[in-house]
Amino acid sequence: MTQKLAVLPGDGIGPEIVAEAVKVVEWLNENAGLDVSLEHDLIGGQAYDEYGVPFADETLGKCKTADAILMGSVGGPQWDSVDYDKRPEAGLLRARKELELFANLRPALVFDALVDASSLKPEIVKGLDILIVRELTGGVYFGEPRGIEDLGNGQRRGVNTQVYDTYEIERIGHVAFELARKRSNRVTSCEKHNVMESGKLWKEDMSALHAAEYSDVKLEHMLADNCAMQLCRNPRQFDVIVTDNLFGDLLSDEASMLTGSLGMLPSASLGILGAPGLYEPVHGSAPDIAGTGKANPLATILSLSMALRYSLDRGDMAEIIETSVQNVLNDGIRTADIMAEGSKEVSTEEMGAAVIAELSKAKALAA
Ligand code: IPM
Ligand code: MG
């Protein structure tokens, strides 16, 4: 049966990088027995310009009936003065909330060929393989009350609310513990229970869930600021890190830099069983390099591979894509962000073509 992939390229470099991932889907359709139809739509600033909203109801409808959603990136300076609730970022947040994508998986994996691209010493990051599980539909991103109020005395007050209910902590905990069981069986839960009640609840609920259902997994609690420090000091101590929406946003950007470039990191946002997942690179829309052919499409291609694994039930194809990316890197083919001496610098399109050339080689070998 034909599976459906909704494709939302978005703003900035989004269209360029998504185009390369789409070529991979087309190649798999033609050459590897994949049967995925593509349905494009707009999100972010482009959707705002076209529809007046950054994530339209029709787009939401298309996403709901898809098996998976592949997104590029949202945002750019031309929408800086747009109202908060219509900004490009609000479109992405609406998509996450409406589709109930509460679990955001952000793997940080150091490819051997890129060990020198990291800002940390090779001996610290070599072989690094961690997974950040970020809660994505709660916390301070969505908590009420929120807003900016005029206090009438020449002062204004900005308010956001950090709030978590037990069910939210438990369901993200389940995801983290289940994934840890398939990896090195260790979970580090991060919060700020020393200053925040929501953190105290997070810690207590995570411990209770662990004791009730996952005592075979090793659970450690860590304050989020300490975790930020430990990620630079000794990142390989971690296997799965589970944390809230805001801390997860920060820690995943930090973790991505360990791998050499933000341009390498894919992500999956998953909801309840059977609902479509949303797959996107962790990096943003990089308006400064949009249209220059400098963007690295690998995070998007690796996001597609996560879609194949988690939503389309084609783990076999995910593996072929990941091996192909690894081979391309081993061959010294690099976009500007991961360029190193002695390597060959290529454009966005050339990088996409290099991955497809590797896929073709793998097919020829298998035949
Ligand atoms: C991310 C981004 C988003 C976030 C923005 C674009 C709303 O930084 O996915 O990490 O803050 O969640
Ligand atoms: Mg972020």
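1. Starting with ligand 1 in this predicted model: the residues around it are Glu89, Arg96, Arg106, Arg134, Tyr141 and Asp249, each counted as near if one of its heavy atoms lies within 4 Å. By class, that shell has 1 nonpolar, no polar and 5 charged residues, with Tyr counted as nonpolar and Asp, Glu and Arg as charged.

2. Tyr141 comes to 2.6 Å from an oxygen of ligand 1, Arg96 to 2.7 Å and Arg106 to 2.8 Å. Taken alone, ligand 1 exposes 320 Å², and the protein buries 77% of that (Shrake-Rupley areas, 1.4 Å probe).

3. Ligand 1 sits in the second largest pocket. Here a pocket is an open set of points on a 1 Å grid over the protein atoms alone, where a 1.4 Å probe fits, with protein on both sides within 12 Å along at least five of seven lines; sitting in it takes more than half of the ligand's atoms within 2 Å of its grid points.

4. On to the domains, whose bounds come from an automatic or database assignment. Domain 1 is 1-102 + 271-367, and domain 2 is 105-262. Their C-alpha centres lie 24 Å apart. The contact between them (heavy atoms within 4.5 Å) takes 20 residues from each domain.

5. Housekeeping: residues are numbered from 1 along each chain as its sequence is written, while chains are lettered from A and ligands numbered from 1 in the order written. Local features need pLDDT of at least 70, side-chain atom pairs count only at pLDDT 80 or more, totals for chains, interfaces and linings use all residues, and side-chain values use heavy atoms, leaving out hydrogens and water.

Conventions:
Polar contact = N/O pair within 3.5 Å; in protein donor to acceptor, adjacent residues only side chain to side chain. 1 Å grid on protein atoms, 1.4 Å probe; cavity = no way out; pocket = protein on both sides within 12 Å on 5 of 7 lines; lining within 4 Å.
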